[in-house]
Amino acid sequence: MWSGQPQQDEGLSVGLSAIPVPWKNLGPSKGNRESSGDLVEASTSWEKAQGEEHPAPAPLDVSRLRSSSMEIREKGSEFLKEELYKAQKELKLKDEECERLCKVRAQLEQELEELTASLFEEAHKMVREANMKQATSEKQLKEAWGKIDMLQAEVTALKTLVITSTPASPNRELHPQLLSPTKAGPRKGHSRQKSTSSSLCPVVCPTAGHIPTPDKEGKEVDTTLFAEFQAWRASPTLDKNCPFLERVYREDVGPCLDFTVQELSALVRTAVEDNTLTIEPVASQTLPAVKVPTVECNNTNTCALSGLARTCHHRIRLGDSDSHYYISPSSRARITAVCNFFTYIRYIQQGLVRQDAEPMFWEIMRLRKGMSLAKLGFFPQEA
């Protein structure tokens with residue numbers, strides 16, 4: 001008898017040699033040989049029974065295993081291909097989305113650049129238009145002020161020269177016959193009204209090329225001066241090299257502006273010619289200290305032009321300079337006399353004085369007379 005069960009591995013066959021068979025050595029006797037035969041028969045019958053009860057496993061099919069392995073590989077490969085296809089599809093979608101976003105970003109950047117450029121261009125355009133409008137406005141304002149100054153100067157000149165004469169207020173200088181007997185001269189016997197044609201002064205209506213005759217006030221036109229004035233009046237200019245102005249400079253302007261302090265006198269003359277001199281009244285409470293060449297002028301008791309100790313009620317400023325120079329009444333009268341002359345000839349040059357040649361000439365002679373009197377020390381007393 002034997003104990004134990006046959007052990008089977010999956011996929012493997014078990015041989016008969018693996019089955020343990022109990023045996024007993026009985027020796028070489030006859031009885032033993034019989035028992036051995038019986039034993040062989042018993043063993044054979046047991047194997048049959050055992051085979052019927054537990055049949056031996058069949059050998060495995062290798063081709064089937066291979067086909068199963070191939071199927072598994074194919075299925076795995078298909079699965080991986082599907083996953084790869086899905087991943088590639090998702091990646092393609094993401095690439096398309098990135099490309100679309102890049103295009104959107106590029107478009108936004110381009111629009112932003114265009115918007116920035118347009119804004120800068122619009123800003124520059126607005127600034128340019130504003131500057132142009134400002135320049136135009138300033139030019140118009142300057143022209144308007146110029147016109148106002150010209151109109152005011154013309155009105156002042158008309159009032160000063162008394163161009164018109166009305167019956168209610170006749171111009172006695174233009175109509176000498178209206179002068180009082182004391183100014184017209186002594187008369188003997190009764191007075192008799194003269195005719196208009198014989199009483200009118202040639203100053204009113206001088207004929208072309210006619211030299212005026214002396215009037216009853218003792219005025220007589222110098223033919224040389226009048227000829228020089230007519231030549232200048234034909235083409236008015238401020239060039240001091242022309243004969244008319246050269247004579248006035250030599251005889252009146254130069255001596256009238258010839259002060260003790262030569263350097264300051266030259267500056268004053270240049271400022272008068274350029275029309276950049278300003279005369280201001282002096283306030284007694286504000287007296288800034290001002291130094292001029294050669295002469296100390298730190299109070300109102302010294303004239304900066306003459307260097308004399310005089311009470312200065314006015315001061316002058318040359319151009320845009322911040323320096324002021326205090327002047328005495330005599331120096332002020334000499335400067336204003338020259339300024340009045342230059343102002344009148346500027347009016348003539350600008351066409352603001354609409355008179356005949358002889359009234360203009362006598363007005364210039366009057367201004368020259370003012371320069372001569374101021375040069376000699378005659379000036380009106382200040383109020």
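Two strands count as paired if DSSP finds at least two bridges between them. The legends below describe close-up views of a predicted model.

**View 1. An open sheet of three strands with antiparallel pairing.** The strands follow the order β1-β4-β5. The edges are taken by β1 (277-281) and β5 (325-327). Each of these has a single partner strand, so one side of each is left without a neighbour in the sheet. From one strand to the next, the twist averages 35°.

**View 2. The pairing of β1 with β4.** Strand β4 covers residues 314-318 and runs antiparallel to β1. Five bridges join the two strands. In one of the bridges, threonine 278 has arginine 317 of β4 as its partner. Strands of a sheet pair through backbone hydrogen bonds, either parallel or antiparallel.

**View 3. Helix α7 across the sheet strands.** Helix α7 is formed by residues 262-274 and lies across β1, β4 and β5. The helix runs at about 75° to β4.

**View 4. Histidine 324 in the loop between β4 and β5.** With a relative accessibility of 14%, histidine 324 counts as buried, because the limit for that class is under 20% relative accessible area. The side chain of histidine 324 reaches the backbone oxygen of aspartate 322 at 3.2 Å.

**View 5. The packing of helices α5 and α6.** Helix α5 spans residues 223-234 and helix α6 spans residues 243-256. Their axes are 8 Å apart and meet at an angle of about 125°, and the two helices are therefore oblique to each other. On the α5 side, the contact is made by Thr224, Leu225, Glu228, Phe229 and Trp232. On the α6 side, Pro243, Phe244, Leu245 and Arg247 take part.

**View 6. Cysteine 102 and its closest cysteine sulfur.** A disulfide is a covalent bond between the sulfur atoms of two cysteines. The closest cysteine sulfur to that of cysteine 102 belongs to cysteine 98, at 6.5 Å. This distance is too far for a bond, because a disulfide requires the two sulfur atoms to be within 2.5 Å. Cysteine 102 is partly exposed, and its relative accessible area is 41%. A search of the whole structure finds zero disulfides.

**View 7. Cysteine 242, a buried residue.** The relative accessibility of cysteine 242 is 16%. Cysteine 242 thus counts as buried, whereas cysteine 102 is partly exposed.

Technical notes. Residues numbered from 1 in each chain as written. Predicted model: local features only at pLDDT ≥ 70, side-chain atom pairs only at ≥ 80, totals over all residues. Heavy atoms only, no water. Buried < 20%, exposed > 50% of the residue type's maximum accessible area, 1.4 Å probe, protein only. Helix = DSSP H or I, 4+ residues; strand = E, 2+ residues; numbered from the N terminus. Axes fitted to C-alpha atoms, helices over the stretch in contact; angles between N-to-C directions. Contact = heavy atoms within 4.5 Å. Polar contact = N/O pair within 3.5 Å; in protein donor to acceptor, adjacent residues only side chain to side chain. Parallel < 35°, antiparallel > 145°, perpendicular 65-115°, else oblique.
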